[in-house]
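Grab a pencil and work through these exercises with the model open beside you. Each task comes with a solution in steps.

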Amino acid sequence: MLLLLASLPAVAEPVLVVNPSVPVNDLKRNEARLIFSLRRSQWKDGSPIRVHVLDDQNPLHVRFCREVLRLYPRQLRRAWDRQTFSGTGQAPNVVESIEAMRETIAREPGAVGYLPRELVDGSVKILEVH
Amino acid sequence: MPARRIALVFVVFLGFVTRGHAASTCPVPTSLSNIAGLQIHGFLTQGFVKTDHNRFFGPSDKGSFEFREIGLNASYRPLPSLLLTAQGLSRRAGNMYNGSPTIDFALARWELSETDDHQATLSIGRHKNPIGLYNATRDVAHTRPSVFVPQSVYFDRVRNLLLSSDGVMLHLDHYADFGELSLDAGVGKPVLDKNVEVMLLGRDWPGDLSSGRPARLGRIRFTTPDQRWQAALSYADTQIAFDPAAGSIPGPGTTHIGYLVASLQFNQGNWTVTGEYMLEPASAKGFGAPFDNEVTGEGYYLQLQRYVGPSLSLHVRYEEAYLDRDDRNGRASALRTGLPASFFFAKSWTVGARWDVTSRLMLSADFSGNDGNYFLSSRDNPSPAALKRRWNMISILASYRF
């Protein structure tokens, strides 16, 4: 397992991205944490927030959690499990690849997720988190 | 056996929905996730328990597989501000639960308002009671801190007393730079069962239990934005009336039970430290001797968890619980009831490990050394005189969730 992790190529810098329809241009870190914890259901204009993530153990997901949200992936997973299995909320959609993430965010109004910075094109919008 | 049949049906279902996805990582079957706002999730847990003396969740002195939890839930968001969700649960736990399916929760949640710094939500239906850190998801192995929830605070032998309620609940969240403050407040009818009667009156007598008036519950919780600290104070109270039928020795009595839990959790790097303290003032009147009494139960635990790499964690926990905090050695309760003193307290060490094999499959194993029998159900141990005061337990579980 350790060998496997060590042999992975360095993971690119993750950035938070949204569908261009989202009426927001930046986010505070605490807002981003609430969105990825699925505690927020709508954007400022009332349109639904749709959260997409990669698998818990995906290196880009881990790096996004640690560097952008400054949380551990297990903290998010526990929050999703608690909400889902206690009837207080839902879980994010898990996409299967970075390419699927970009396609989904570009296609779906209200979608939010993350991508490696160098793979971001005009089809999605970067929100800087500060 | 209905429990076996349900398990089989569920496994077949699981196999069906995860076909072609088993190797991938999508938690929601793709065909279902195409319906916007609909999610299907579930879990399947199988445990094995071995004790040297006494029985915990089935004939564990010989090795018991009578611990199984199966849950399936659906949630649907027809509007951004409305969530409809329900979960069915089948739970096999020794002689306490036979696996018959129950409605675990079924509710509608309306978001009344959402701004940058607060959120207000009202929900109606059957709720899991938000008590302490674990009550609402106590049957979901992935969310538990060990194989079983800490029995000192979350007794399995009376779980239904505080598990869920049919009623209304208000949730308020306030977000600030220093953290998040949440309040849950609700009233509802507790969902009672025979285990509650056995706990209150020693056995299942002819007659019926009913909730005298709606249970009230509330929780206030503070979490720092990085989730490093979490603190909560929860309170619930309930009143249960017994209406005896012919042949019952206890008379028409009423029990009042309060339940106060203070919780604190600290997360730092690879460590999680969790402590919870529970007080349970209980009074029983009108049943006649030896059932009438007034005691304050107490329980607490401290747990350390250490994450070793991304998928393995180790934990150690110490806990104590007493039926009557003013009678910690159980002698006064033993005199009153004629039961062994060890029936009324428990002190327990647990060490264990958890391995998240994939993001869906988890294996967990615990060893616990126990002094006292307070955690044991008399439905699994019908002869109190046969109980051994000191006993040890090994428990193992495998859990799959999606």
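**Exercise 1.** Work out how many residue pairs are in polar contact across the interface of chain B and chain A, and which elements of chain B take part in that interface.

*Solution.* Start with the pairs: the rule finds 18 residue pairs in polar contact across the interface, both partners at pLDDT 80 or more. A polar contact here is a pair of N or O atoms within 3.5 Å; within protein, one must be able to donate a hydrogen and the other to accept it, and residues adjacent in sequence count only if both atoms are side-chain atoms.

Next, the elements. Those giving two or more residues to the side of chain B that touches chain A include β1 (38-51), β2 (64-79) and β14 (345-356) of chain B. Strands are DSSP runs (E, at least two residues) and helices likewise (H or I, at least four), numbered from the N terminus. The largest share, five residues, comes from β4(B).

A word on the ground rules: this is a predicted model, where local features need pLDDT of at least 70, side-chain atom pairs count only at pLDDT 80 or more, and totals for chains, interfaces and linings use all residues. Residues are numbered from 1 along each chain as its sequence is written, chains are lettered from A and ligands numbered from 1 in the order in which they are written, and side-chain values use heavy atoms, with hydrogens and water left out.

**Exercise 2.** Find the salt-bridge partner of A:Arg40 and say where the two residues lie.

*Solution.* First, the partner: A:Arg40 pairs with B:Glu114, with the closest N and O atoms 3.6 Å apart. Then the location: A:Arg40 sits in the loop between α2 (29-36) and β3 (50-53) of chain A, and B:Glu114 in strand β4 of chain B, so the pair joins two chains. Last, A:Arg40 is buried at 14% relative accessible area; buried means under 20%, exposed over 50%, partly exposed in between (1.4 Å probe, protein chains only). Across the whole interface, the rule finds four salt bridges.

**Exercise 3.** B:Asp380 is buried yet has no salt bridge; what does its side chain reach?

*Solution.* Check opposite charges first: the nearest such side chain, B:Arg55, is 6.6 Å away. (Lys and Arg count as positive and Asp and Glu as negative; His and the chain ends are not counted.) Now look at the backbone: the side chain of B:Asp380 reaches the nitrogen of B:Phe57 at 3.3 Å.
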